[in-house]
Amino acid sequence: MEARFLLGFLLLLSLSSFAFAIYEDQVGLADWHKRYIGKVKHAVFHTQKTGRRRVVVSTEENAIASLDLRTGDILWRHVLGKNDAVDQIGLSLGKYVLTLSSQGSVLRAWNLPDGQMVWETDLQISNPSNSFLHVLGNVKSGRDSLSLVCNGGSIRAVSSIDGLVVWKKDLSIDGLKLKHVFQPPESDTIYAIGFIDSSLIALYHINAKTGELLKHATQASSVDLSSEISAISSDSLVALDTSRSNLLLIKFMAGTITNHKLPLSDIVQDFSGLAELIPTKSNDIFVVKTPSNVAFIKVKGDNEIELIGKADEAGIVSDSLTLSEEEQAFAVVHHSNNAISLQVRINGREALTEGIKIEDHRGHVKRVFLNNYVRTDKSHGFRALIVMEDESLLLMQQGEVVWSREDGLASISDAVVAELPVEKEGGVSVVEVEHTLLEWLKGHMLKLKGTLMLSTPDDMAAIQAMHLKSTERNKMTRDHNGFRKLIIVLTRSGKVYALHTGDGRIVWAHLLTPLLQSESCPSPSVLTLRNWRVPHRKALQENPSILLVGRCGAGPESHGFLFIVDSYSGKVLETQILDHSIAEVVPLPLADSSEQKLHLVIDDKLNAHLYPRGSDALEVFVREMANMYYYKVENAKEVIKGYAFKKGCSTGSSAYCFGTRELWSVVFPSDSERIVATARRKINEVVHTQAKIMTNQDVMYKYITKNILFVATVSPKAAGGIGSAAPDDAWLVAYLIDTVTGRILHRVTHQGAQGPVHAVVSENWVVYHYFNLRAHRYEMTVIEIYDQSRADNKDVMKLVLGKHNLTAPITSYSRPEIATKSQSYFFTHSVKAIAVTTTARGITSKQILIGTIGDQVLALDKRYLDPRRTANPSQEEKEEGIIPLTDTLPIIPQSYVTHTRQVGDLRGIMSFPANLESTTHVFSYGIDLFYTRIAPSRTYDSLTDEFSYVLLLITVVVLIVAILVTWAMSQKKDLQEKWR
Amino acid sequence: MNPSLSFLSLLSLLLLFSSALSFQSDELPFNDDDEFEGLRSSPGSASVAPPVRRRPDLDISSASDSKSLQFSLEHSLGDSEFSVAGTFTARLKSWTHGAQTLTKLRFTRNAISDTEKGLFERLLEDDDFYTIRIPSNVLNPSGKDYVVSSVRARCLPRESLDEHFVIHTDGVNVLSVNYGSAGGCQYPRPLKSPSKWSFSSYTVLKNSEQAPRTPTFVEQIIASENALEEGLQPPEKSFWAKYWMYILPIGFVLVNAMAQAANAAAEDQNQGGQPSQRAPAVRRR
């Protein structure tokens, strides 16, 4: 009886490990999720006496977020769509955040405390252009307040309560661009000022309640007007002319307009270059920023102006902050070396100067937003929100950085993986002794409770916190299973971060481009990063390093540069400005004697430059040069070309420079096909077996080559969005091309299909996702390629006797006899990114990682994308694990890798192997980052963390006791038998 | 279910019916003869153009016009300029709905000149590339775009120089040409010269395959499930085959119990007069 019980228990235990998804209490054990917002472009402070102090920001990643001013935490965040850039944000009624987006065509209101959307209004603007939002402060029609959205020559008044358009006024004048709207206090008239074709100034009086046009006047301007203006009081504004060297003071009193030209050189001494007008609100003061300084200028009386303050160095100036009727404050921020000085100027006079030291990896100040508060002594205090060059966000107050956010991580453009240092024997103490005995005991009691299922929810939380804190996970050393690694990421701003896979913390971060900035390299930007040296055989003790490649200017012909950076510390080991341009970096599967990986940098004249420079690298390369090929997809010309390398290059005589010669080309007819997607196998993918055994004991050989390129083209009509083409005009052609010979291995047309196409190539298969217009659904197709020329290697005798061609070298010049198998399935979601799991030895079955439209990552078993699926699999096929064919791929909720998390604006998924064959790392990035480890075939090679050792121990003990008891009993019985 | 197949069969059925019922034309079917043109090509010419697979969605009877056109093959030996090396002849077929396709491709190679032979021998020695190109738009070959293909020269020599062209077309546009040896090419490539300095060429014209439509088979699944229930029901096992594992132990127990009962009865009979002795007797046993 007891044994049966135990058996049942053990069975249950073993079953539990077969569960596919993770349990609620396992969240956060192996995964982490970081939320960011991106580079801030607008900020509105909300610092009323009651409630939390917060700042509402909108970013270049089209996110709107409310941040806690005390800590910098995100209170709420929304990510708008890709084409829904935020133009302006504002506060209304003290409780709504208004956002104007999509070039002024959508106005939304969000509830300030919790970020719920209150209303959304499509303003139906026919020709979206620069538009602006003006929240009327004091006009109340009933208890409502109005927000005005001006777009070109039309004004819409939107109720702040429900988003209804109260009135709409189209001034219908060609070329009219409204620039400024304001309303004098206690008045029902709105004044709207605009420019017509940059030569006329127009003024409109509009009834605030009805939108009726009361009066209008125009006046010719004496200069050509640019779009920059600054409103300085209720009846005047300052504009800049198109040459950016003259100011125009415009006054509009009692329905008439006067303007007055003021050359900037009269006001600011030694003025030269182009000026910039900083938008201000009122109070007769405006700010002009010139290349050399910042001038604060006051308007006095009629057409007289006076320079009231000057900041000498060119700094970054904030928008104006109105302190009172009389006082206007500006922040001017200077940056030098690794210090920021914040200067607050009230009415042009210096009021406060604070200096702060900051880390030098943040670069220059890009934007500053000023806010004030009342100090304990009732004076004005200031805090400033500073956006740095690396897109990080800092809050400065009282000469200190209160908090900082690394929002550069919201715009990752590339990522590689690096190993951590090996644990030094004797150097680092391996086992950290627990603090006190009591703590230790407590911890173990909790764990015991947890395993015996006696714990309360509080205890569970404590156990989880303990798990999370466990140092094992976050150590800075390499582990046996390869779970701890560094993910090195490159962001749009050119900053490089190293993230620890344990908890996602930043190990080091460097902004390298300022190091280069010089005359020879005016605007450096980093393009890509690659592994330069990976610890391996000879270089086991050497630090791994990464290669960063970039360009000095914007154009493709500008000179390149490269950095070599130590992966452990982020220290720059080598900097080099190249004498050639950079079009592409090709990593080669070769390394020199010091295990530095060979890279070819292809320039815009199609010369190949070999790095690292060194005689042994050159020797290694030249030896293999005859077997190296390069291909280039020219999207603009719809051409793919293949090249071989030859000695001697066209631009110089360097021994490391090689020429190329065209070997093949594939020309897609431009009137019927357009390249929309290409994909190829990962260079470091490992394939475990080249044979696949079919159900009938037949062997199929996979056609495995690293030189396979998947190309998808669509008809030009269908190149737009879904719905732009009729099914008859749309087709999608999928190609598999050998990149050595340019051979088209397979070509298949999908009629009535169109992009966007996302594809992933692995082993001998490709999976791609597209839209089927006929079925009105997304579809996924799998193509598997098999090598027929090896098909006769089935004879075991032949294999034993060595009469097979399996070990013969394969050359692409042999005409391949390939067979393809293909199958298509419907798929419910649209896809943002697609990837495949990779493991150390390629034994574990694969999962396809799909970034869904809901910003989650779905792991779909490759078994669902198997061309051998049939509707009624036979018994043998079922036994082999072939799933009956269905027309739609199933989406199992438990197979979301990201469980409940969302990776906002998901852009990429990366999978890299751990040392443990069953496990793979998955790193997905967008605005957020999410990392986890998954085991596609479950952890068959290790016991999971949650394996209950206690239960095992109890089982063993109980078994021993049972054996002893039964032994004793049998002894006793024997004795009794003998006494009988 | 292949839709194109069903469509074709439907069409042929329809044709059959219409011919049976109404006007009977004695016109020779024009297209059929066209289909097999490739096979009838003269054995003297080195080219073999297999029948072009027709798009299933094209109406067969809509072929209206065909005209012949030529385009040239150019080759480059090593780094030399491209020069004309042969001529492709094809028929351009126009369909009533505007599309045009190439069919009946034939290829004639120019004879190898002595200088070319010398250059080729150099290529063989250097294991260099032999490159060919044909215009991507065969209607106006003056266009600048060429599709290029190369092969290591050492792959070609056999008896003669064996070459194999696979020309991928899309209507009249040539997407790509796969050029290579007729069979395999071993690696490492040994240096060997052909015994006969002439090309023997094989050409294949390839059009795109149509992907099968994704099956929407809700009905089929239901049907298959029904079929599963009806057809694949396991044969009814006999009662004994199903339950032997239960019956056997029960039988054992029964037999045991009966034996015990019989034993007990026997003992009872033996010691019938002394019921007080019964309990210890049982205990002892």
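In strand S9(B), Gln210(B) is the bridge partner of Thr749(A). Two bridges join S9(B) to strand S54 (residues 744-751) of chain A, and the two strands run parallel. Strands count as paired if DSSP finds at least two bridges between them. Strands (E, at least two residues) and helices (H or I, at least four) are DSSP runs, numbered from the N terminus.

This is a predicted model, in which local features need pLDDT of at least 70 and side-chain atom pairs count only at pLDDT 80 or more, while totals for chains, interfaces and linings use all residues. Residues are numbered from 1 along each chain as its sequence is written, chains are lettered from A and ligands numbered from 1 in the order in which they are written, and side-chain values use heavy atoms, with hydrogens and water left out.

**The interface between chains A and B**

Contact (heavy atoms within 4.5 Å) involves 48 residues of chain B and 43 residues of chain A. The two chains bury about 3700 Å² between them, 48% of it on carbon and sulfur atoms. Buried area is the accessible area (1.4 Å probe) that two parts lose on being put together, summed over both.

One salt bridge is counted between chain B and chain A. Arg661(A) forms a salt bridge with Asp128(B). The rule asks for a side-chain nitrogen of Lys or Arg within 4 Å of a carboxyl oxygen of Asp or Glu. There are also 14 residue pairs in polar contact between the chains, both residues at pLDDT 80 or more. A polar contact is a pair of N or O atoms within 3.5 Å; within protein, one must be able to donate a hydrogen and the other to accept it, and residues adjacent in sequence count only if both atoms are side-chain atoms.

Several elements of chain B each supply at least two residues of the side that touches chain A, among them strand S4 (129-135), strand S6 (161-170) and helix H4 (218-231). The largest share, seven residues, comes from S5(B).

**Salt bridges**

Over all chains the count comes to 38 salt bridges. Two of them are tabulated here.

| Pair | Closest N and O atoms |
|---|---|
| Arg661(A) and Asp128(B) | 3.2 Å |
| Arg362(A) and Glu406(A) | 3.0 Å |

The pair Arg362(A) and Glu406(A) links distant parts of the chain, 44 residues apart. Arg362(A) lies in the loop between strands S30 (349-357) and S31 (365-374) of chain A, and Glu406(A) in the loop between S34 (400-405) and S35 (412-418).

**Two open sheets in chain A**

One open sheet has four strands in the order S2-S3-S4-S5 (chain A), with antiparallel pairing. Strands S2 (40-46) and S5 (74-79) of chain A stand at the edges with a single partner strand each, so one side of each has no neighbour in the sheet. Six bridges join S2(A) to strand S3 (residues 54-59) of chain A. His42(A) stands opposite Ser58(A) in S3(A).

Another open sheet of four strands has the order S14-S15-S16-S17 (chain A), again antiparallel. Its edge strands are S14 (176-182) and S17 (213-220) of chain A. Six bridges join S14(A) to strand S15 (residues 189-196) of chain A. Lys177(A) stands opposite Phe195(A) in S15(A).

**Backbone details**

A cis peptide bond joins Tyr611(A) and Pro612(A), with omega about -5°. Pro612(A) lies in the loop between strand S45 (608-611) and helix H7 (615-624) of chain A. A cis peptide bond also joins Gly755(A) and Pro756(A), with omega about 0°. Pro756(A) is found in strand S55 (residues 753-762) of chain A.
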